[in-house]
Amino acid sequence: MIQFSPPHIDKKIIDEVIDSLKSGWITTGPKTKLFEKRITEYCGNQNTLCVSSATAGLELVLRWFGVGPCDEVIVPTYTYCATANVVAHCGAKPVMVDIGEDFNINTKNILKAINKNTKVIIPVDLAGFPCDYDEIYNVVEKKKSLFEPTGEIQKKLERILILSDAAHSLGAVYKNKKTGNLADISVFSFHAVKNLTTAEGGAIAFNLPQPFNNEEIYNYFNIYTLHGQNKDALAKTKIGNWKYDVIMPGYKANMPDILAAIGLIELERYEREILPKRKFIFDTYKNILSSYNWAIIPEYENGIKISSYHVFLLRIKDISEETRDSIISRIFEKQVSVNVHFQPLPLLSYYKNNGYNINDYPISYKKYANVISLPVYYNLSEEQISVVTHAVIDSVEEELNS
Ligand SMILES: *Cc1c(COP(=O)(O)O)cnc(C)c1O
C-alpha cells in the first residue's frame, strides 16, 4: 500500500532527539529557542515563538487581540476546521466566505463581509499556495473607517488584524517574500502530516507594523504560553532564582526540546532537500496527468507566487461528488492512498447546525466535489509516483466508462 503522508524519520533526527533525552533537558529550552531563531532567519519575519500546535497559536493570537463575543472573524469555507474552531473557542462568530479559482479566500468576498464587528481576517494559504496578501491589505485599508477598536492593542493597530493560517505554507513565496513575512502574524503547523514536522507543534511568526515592538510581543507570548509565569523552567534552574510571579492567567502551549530537536533537523534540510523533492513530485504529476482531458491541474507557481507544494489538489472535470467517491474507492483498491482536502466547513455537522449552508458557497462545493489529493512526501520514490499516476488514470477511466 502506498501511504498518503508518512513522516520521514531517519538516523540524524533520531540522534538529535536522543541527544535531548540524554541532555537532562527535555522541555522548552535551548533547542526550542534555537529552532525559533532558525525559523525567523528562514522566513525573514521579526520574531518567532514555538507553540504546542498551530491551533493553540491561532487561538492565543485571537485572545491577545481581544476577540470575544459579538466580534466577527472572517475565514474561508475551504480549510481545515481548526481555522474556524479557534474563533468559536473565543465566543466570536466565524464569518465564512467563499474561495476563488486557486482554492484561496476570495478578496472580493472579504470586502463584502467586512462590517463594524470584524476584528480579524484569517486567510489560509491552502495547499501551500499563498493568498493575495497585497489585495487583502488593500481591502482592510479601504474599510478602515468601519473598524471599532476595543482595548489598547486594537487601538494601536487601528484596523482589522491579518492573521495568516500558514499551516501548509512554510517556505512558500509571494512577491519575493516568504510566508511568515506576509501578514501581521502568521501561524505555522508542524503536525505529523505537514511539510515540516515536529510530530505535533507550531510556531507564531510575528511581523506586526509600527508602532508594535515585535520583540516585546514575543516576550509577552512566551509568558502567555507558560501560565503567565514570568520565569520559565530554564531560568529557574539558575542558582537562587527559584521565585517567580504570575502576571496573567496564561495558557500552557509551549514546545518541548524533544520536539524542537526534530524540527531543527527538518529545517536544516527544508530548502535544499524537502521542498525540491516535493516540487519534483508536483511537476511529475502535472507532466503526466495534464495530457488527460479530464484532469484539472492545480496552480502552484505563477509570476508572483511559489507554493510550498503541500497538497496536490487534482480535480476531475465535470464529475459529481458520488463519482469522485467511487474513483477514490477504485484508487484504494489499487493499493494507493489518496485523500480529500477539505470538506468545506458548512458540510460539517457543528457548522451546518449553526446555520452555515453549503449552498451559499458554490465555488467551495464545486471544488470539493471533484477534488482528489494525491500523496506527496519525501520518501515517495519515482516508481511509486508512477504507481500512483497509473492507479489514478486507470480508476478515472474505469469510472468514466462504467
Ligand atoms: C493542520 C492545520 C491546522 C492545525 O494545525 P495543528 O498544528 O494540528 O493545530 C490549521 N489550519 C490548517 C489549514 C491545517 O491544515
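Start with strand E1: which of its residues sit on one side and which on the other, and are they buried or exposed? Select residues 47–51 to see E1. Asn 47, Leu 49 and Val 51 are on one side, Thr 48 and Cys 50 are on the other, and all are buried. That leaves E1 mostly covered, with five of five residues buried. Here, buried means under 20% relative accessible area, exposed means over 50%, and partly exposed lies in between (1.4 Å probe, protein chains only).

Some ground rules before moving on. This is a predicted model, where local features need pLDDT of at least 70 and side-chain atom pairs count only at pLDDT 80 or more, while totals for chains, interfaces and linings use all residues. Residues are numbered from 1 along each chain as its sequence is written, and side-chain values use heavy atoms, with hydrogens and water left out. The helix and strand labels are DSSP runs numbered from the N terminus: helices are H or I with at least four residues, strands are E with at least two.

For a landmark, find Val 51, which stands opposite Gly 202 in E9. Then follow the loop between E9 and H8 to Pro 211. The peptide bond from Gln 210 to Pro 211 is cis, with omega near 5°.

**H3 against H8**

Now show helix H3 (54–64) with helix H8 (214–224). They pack at an angle of about 115°, and their axes are 12 Å apart. H3 is therefore roughly perpendicular to H8, a label that covers 65 to 115 degrees (under 35 is roughly parallel, over 145 roughly antiparallel, and the rest oblique). The axes are lines fitted to C-alpha atoms over the stretch in contact, and angles run from 0 to 180 degrees between N-to-C directions.

Contact means heavy atoms within 4.5 Å.

**Helix H4**

Next, pick residues 82–89 for H4, whose buried residues are Ala 82, Thr 83, Ala 84, Val 86 and Val 87. These pack against H3, strands E2 (72–76), E3 (93–97) and E5 (161–165), and helix H12 (349–353). Just after H4, click on Gly 91, which takes a positive phi of about 80°.

Two bridges join E6 (173–174) to E7; look for Val 173 opposite Lys 178.

Cys 70 is in the loop between H3 and E2. Its phi is positive, about 80°, although Cys 70 is not a glycine, and at 66% relative accessibility it counts as exposed.

Finish in the loop between H11 (321–333) and H12, where Phe 342 is found. The peptide bond from His 341 to Phe 342 is cis, with omega near 0°. Gln 335 is also in the loop between H11 and H12. Gln 335 has a positive phi of about 65° without being a glycine, and counts as partly exposed at 44% relative accessibility.

How values were computed
Two strands pair if DSSP finds at least two bridges between them.
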